[in-house]
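Visitor: I am new to this structure and would be grateful for a guided introduction. May we begin with a single residue and then turn to the whole?

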Amino acid sequence: MSATRLLVLGVVRLLGQAHGYLVGAELESWEAERWAGLRSGSIYHALRQLAKDGLVDVTEVHEWPGRVDYAINDKGEAEFLRLLRTALSVPDRRPEVFGAALVLLPALPKEETIALLKERLRALKDEEARIAAAIREGTRPQHLARLFDLRAQQAAGDAAWTQGLIVRLERGEESA
């Protein structure tokens, strides 16, 4: 899954209709270049690809060279929701994917967000247990054991953070 695809779809959805510069300005205000590695060229490429894939419609072509407005369509809405739900529920070692999902949480009802995060939590705990079992085997060279230990600690930390978010959402301390 691409964080760029999810973010660009999400911003076009949020704005209703947007051109590349507007999408880029919104993502810049979220500092997406820092945490998602997003570049302006990636945004324009993503918009063209989304249009080619039939997920956004070209709504207006301006006389200004290269300025094209896009709007998400029903197929794009379905793809956006699929990507968002997957990014929330399935752990991914690329932090930008989960980061994209976090900034787009308002697109889902709170109850669904909590359910998806609980799926994520179960998967993280399963991953931590699987890695811990591999470490206990003791059949791997030391340099690999360190890597496995790091991955187990990362899964545990992600699980603890996810559990905390679930609790805060359930208590109403945070909105989805």
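Visitor: Does Glu-31 count as buried, exposed or partly exposed?

Guide: This is a predicted model, in which local features need pLDDT of at least 70, side-chain atom pairs count only at pLDDT 80 or more, and totals for chains, interfaces and linings use all residues. Residues are numbered from 1 along each chain as its sequence is written, and side-chain values use heavy atoms, with hydrogens and water left out. Buried means under 20% relative accessible area, exposed over 50%, and partly exposed in between, with a 1.4 Å probe and protein chains only. Because Glu-31 has a relative accessibility of 43%, the residue counts as partly exposed.

Visitor: What is the phi of Glu-31?

Guide: Glu-31 is located in the loop between H2 and H3; helices (H or I, at least four residues) and strands (E, at least two) are DSSP runs, numbered from the N terminus. Most residues other than glycine have a negative phi. Glu-31 is not a glycine, yet its phi is positive, at about 60°.

Visitor: What pattern does the protein chain follow along its sequence?

Guide: The protein chain has eight helices and three strands. Its C-alpha atoms fill a box of roughly 65 × 40 × 25 Å along the principal axes. In sequence order, the pattern reads α-β-α-α-α-β-β-α-α-α-α.

Visitor: Is Leu-38 buried or exposed?

Guide: Leu-38 sits in the loop between helix H3 (32–35) and helix H4 (40–52). Beyond its neighbours within four places in sequence, Leu-38 is in contact (heavy atoms within 4.5 Å) with Thr-4, Leu-7, Leu-27, Ala-32, Glu-33 and Ile-43. The C-alpha atoms of Leu-38 and Leu-27 are separated by 8.4 Å, although the two residues are 11 apart along the chain. Since its relative accessibility is 5%, Leu-38 counts as buried.

Visitor: Which side chain has a polar contact with that of Glu-79?

Guide: Glu-79 belongs to helix H5 (residues 74–89) and is buried, with a relative accessible area of 15%. A polar contact is a pair of N or O atoms within 3.5 Å; within protein, one must be able to donate a hydrogen and the other to accept it, and residues adjacent in sequence count only if both atoms are side-chain atoms. At 2.9 Å, the partner of the Glu-79 side chain is that of Arg-82.

Visitor: Why is the pair of Phe-98 and Trp-161 given the class that it has, and what is that class?

Guide: The structure holds one aromatic pair. Rings of Phe, Tyr and Trp (its six-membered ring) pair if their centres lie within 6.5 Å; planes under 30 degrees apart count as stacked, over 60 as edge-to-face and the rest as tilted. The ring centres of Phe-98 and Trp-161 are 6.0 Å apart and their planes stand at 85°, so the class is edge-to-face.

Visitor: How many residues apart in sequence are the parts that this pair ties together?

Guide: Phe-98 is buried, at 11% relative accessible area, whereas Trp-161 is partly exposed, at 39%. Because Phe-98 lies in helix H6 (residues 95–103) and Trp-161 in helix H8 (residues 142–171), the pair ties together parts whose separation in sequence is 63 residues.
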